[in-house]
Amino acid sequence: MASSALASTSQAQVRPAVSQVKQVVQERTRRRADKAACIAIAEAAQALLVALVSCAAEEARRGGAGVRRGGAARILPWHIGKAVQSAEFRSSPFFTKTTARAAEGTSGSTVKEARRAARAARLDGHVKVNPFRSLVKRTARAHGNVALTAPLVVALSAFALEAVNQVADTAGEAAAKRDATTITADHVRTAVTDLLAGDLQARALAAIDAALVAEAVGE
């Protein structure tokens with residue numbers, strides 16, 4: 001899957017806000033996470049969202065029916081469903097866990113199904129999907145010629161939240177195994193290695209490393 005068009009989108013102005021990630025980590029793991037860990041989780045989630053939007057856009061362009069005048073790829077629910085069924089996604093354990101519900105729940109064509117996907121990814125009522133809507137819109141804009149319907153923005157927001165959830169949970173488990181009270185970027189790298197495979201894993205790890213280097217330079 002070619003996602004080079006989105007290679008430059010994994011930046012601070014595009015990824016989930018560190019404050020949002022920190023809230024998720026605290027609610028789910030009951031552990032502290034340092035700033036580097038929150039940045040790493042945000043980058044991993046963004047890498048997954050970027051990969052999904054890229055693959056869905058390719059499906060839309062390949063089918064022709066999803067292309068608007070001017071070349072914009074209009075992503076439809078079934079494009080998301082087909083993207084998730086691709087070999088690259090199916091090879092990652094991330095997509096065999098509960099996260100798959102958020103993505104595959106958009107494989108229908110109704111607003112109700114998209115909303116159901118959003119509800120499935122909510123965090124016990126503590127963290128709303130809404131904060132991630134702006135992330136989805138920024139990702140689509142950074143991609144270029146991509147158009148998303150309102151229901152898909154909701155569903156992809158749910159997917160972004162579930163990505164943060166899964167990485168945070170797995171990083172928390174890694175910290176617990178080491179008797180660490182604080183989740184660090186190394187724990188997040190372990191989580192990414194456990195959850196992702198192939199190019200998805202490589203891109204997520206590369207995005208994490210680049211973001212942490214940029215953060216260190218900026219301090």
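The structure holds 5 salt bridges, a salt bridge being a side-chain nitrogen of Lys or Arg within 4 Å of a carboxyl oxygen of Asp or Glu. This is a predicted model, in which local features need pLDDT of at least 70 and side-chain atom pairs count only at pLDDT 80 or more, while totals for chains, interfaces and linings use all residues. Residues are numbered from 1 along each chain as its sequence is written, and side-chain values use heavy atoms, with hydrogens and water left out.

**Salt bridges**

- Asp-169 and Arg-28 meet through their side chains in a salt bridge with an N to O distance of 2.6 Å.
- That pair links distant parts of the chain, with Asp-169 in helix α8 (residues 150-177) and Arg-28 in helix α1 (residues 18-29), 141 residues apart; helices (H or I, at least four residues) and strands (E, at least two) are DSSP runs numbered from the N terminus.
- Arg-28 is partly exposed, at a relative accessible area of 31%, where buried means under 20%, exposed over 50% and partly exposed in between (1.4 Å probe, protein chains only).
- A salt bridge of 2.9 Å, N to O, is formed by the side chains of Lys-35 and Glu-215.
- This pair, too, links distant parts of the chain, since Lys-35 lies in helix α2 (residues 35-63) and Glu-215 in helix α10 (residues 198-218), 180 residues apart, and Lys-35 is partly exposed with a relative accessible area of 49%.
- The side chains of Lys-82 and Glu-59 meet in a salt bridge at 3.8 Å, N to O.
- The two residues, Lys-82 in helix α3 (residues 77-84) and Glu-59 in helix α2, are 23 residues apart; Lys-82 is partly exposed, with a relative accessible area of 44%, whereas Glu-59 is buried at 10%.

**Packing of α8 and α9**

- The axes of α8 and helix α9 (residues 185-195) come within 8 Å and cross at roughly 115°, the axes being lines fitted to C-alpha atoms, for helices over the stretch in contact, with angles that run from 0 to 180 degrees between N-to-C directions.
- On the α8 side, Gln-166, Val-167, Thr-170, Ala-171, Ala-174 and Ala-175 meet His-187, Val-188, Thr-190, Ala-191, Asp-194 and Leu-195 in α9, contact meaning heavy atoms within 4.5 Å.

**Surroundings of Ala-211**

- Ala-211 has its place in helix α10 and counts as buried, at 10% relative accessibility.
- Leaving aside residues up to four places away in sequence, Ala-211 touches Arg-15, Ile-39 and Glu-43.
- Ala-211 and Ala-42 are 169 residues apart in sequence, and their C-alpha atoms are 9.8 Å apart in space.

**Cysteines**

- A search of the whole structure finds 0 disulfides, a disulfide being a pair of cysteine sulfur atoms within 2.5 Å.
- Cys-38 is buried with a relative accessible area of 1%, and Cys-55 is buried with one of 6%.

**Overall layout**

- The protein chain has 10 helices and 4 strands, which run α-β-α-β-α-α-α-α-α-β-α-β-α-α from the N terminus on.
- Of the 219 residues in the protein chain, 51% are buried.
- Among contacts between residues at least 6 apart in sequence, 73% join residues at least 24 apart.
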